[in-house]
Amino acid sequence: IKKHFNQAEQIKSLTKENQNYKNYISQIDPILLNYQKMKLFKQIKNPKLIFTQTISYANLPDMSSIYINYKNKISTPQGLIFNNTTAGIVIKGFKNYSLAYLNSNPKVIYTVFIGDKKIPGILYGGKNLTIKYIPKYHKLKINDLVITSGLDKIFYEGVKVGKIEKVIDTPLYQEAIITPFYDSLHPTFFYVVRK
């Protein structure tokens, strides 16, 4: 009888210890996942950039706006960069965090250059990234590289945006649909372009 009661106590003790380990593992899993994602994040040594990470989505089911742990004051939009590609813009600062729009948000707008000749245009975010107001006298090619121009002071010049997928002729200008380099479905770590 004594042996039986000792086993029952030991089972109870081991069950409690097992539950503690499960709780510990469930707390560590998100941290490990972050470290795994961090391996894919390229560090850029540039004094104009401030490291930040995503806190949460801002307005579900809309997955194109996020909160980030960027605490600096924002008076005009600032660029959001992932692995030296544009991810979106930071538009509003709160006390301990900021609101950012990813490129898939239709409120995203910034200036770009297209191809080797640095043809100017204005990028509009949304489901399809579109560059508008491209002068008609410039010849655009499919797969031309699109980079930021830096002229709007949102990004500095040379951050990769994507490649031209399709050219559309309009009465006054040309437009281009681009394939972006940044995958906005997985917002994790970013750099914010410091003013």
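Strand β8 and strand β11 (residues 174-180) pair in the antiparallel sense, over 4 bridges. This is a predicted model. Strand β8 also pairs with β7, and Asn 103 has contacts that reach Leu 129.

**Strand β8 and its partners**
- Leu 129 stands opposite Ile 178 in β11.
- Strand β7 (residues 119-124) runs antiparallel to strand β8 (residues 129-134), and 3 bridges join them.
- Leu 123 has Ile 131 in β8 as its bridge partner.
- β7 and β8 form a hairpin, with 4 residues between the strands.
- Gly 126 lies in the turn and has a positive phi of about 135°.
- In a regular strand, side chains alternate between the two faces of the sheet.

**Asn 103**
- Asn 103 sits in the loop between β5 (98-102) and β6 (109-114).
- Its relative accessibility is 5%, so Asn 103 counts as buried, the cut-off being under 20%.
- The side chains of Asn 103 and Tyr 110 are joined by a polar contact of 3.1 Å.
- Beyond its neighbours within four places in sequence, Asn 103 is in contact with residues including Gly 125, Gly 126 and Leu 129.
- Thr 86, Ala 87, Gly 88 and Val 108 are also among the contacts of Asn 103.

**Tyr 97 and a surface patch**
- Tyr 97 is found in the loop between β4 (85-93) and β5.
- Tyr 97 makes a nonpolar surface patch together with Ile 55 and Phe 94.
- The area of this patch is about 250 Å².

Terms used:
Residues numbered from 1 in each chain as written. Predicted model: local features only at pLDDT ≥ 70, side-chain atom pairs only at ≥ 80, totals over all residues. Heavy atoms only, no water. Pairing = 2+ DSSP bridges. Helix = DSSP H or I, 4+ residues; strand = E, 2+ residues; numbered from the N terminus. Buried < 20%, exposed > 50% of the residue type's maximum accessible area, 1.4 Å probe, protein only. Polar contact = N/O pair within 3.5 Å; in protein donor to acceptor, adjacent residues only side chain to side chain. Contact = heavy atoms within 4.5 Å. Patch = residues over 30% accessible without salt bridge, like charges linked within 9 Å, V, L, I, M, F, W, Y side chains within 5 Å. Areas by Shrake-Rupley, 256 points an atom, 1.4 Å probe, with all protein chains shown as cover. Salt bridge = Lys/Arg side-chain N within 4 Å of Asp/Glu carboxyl O.
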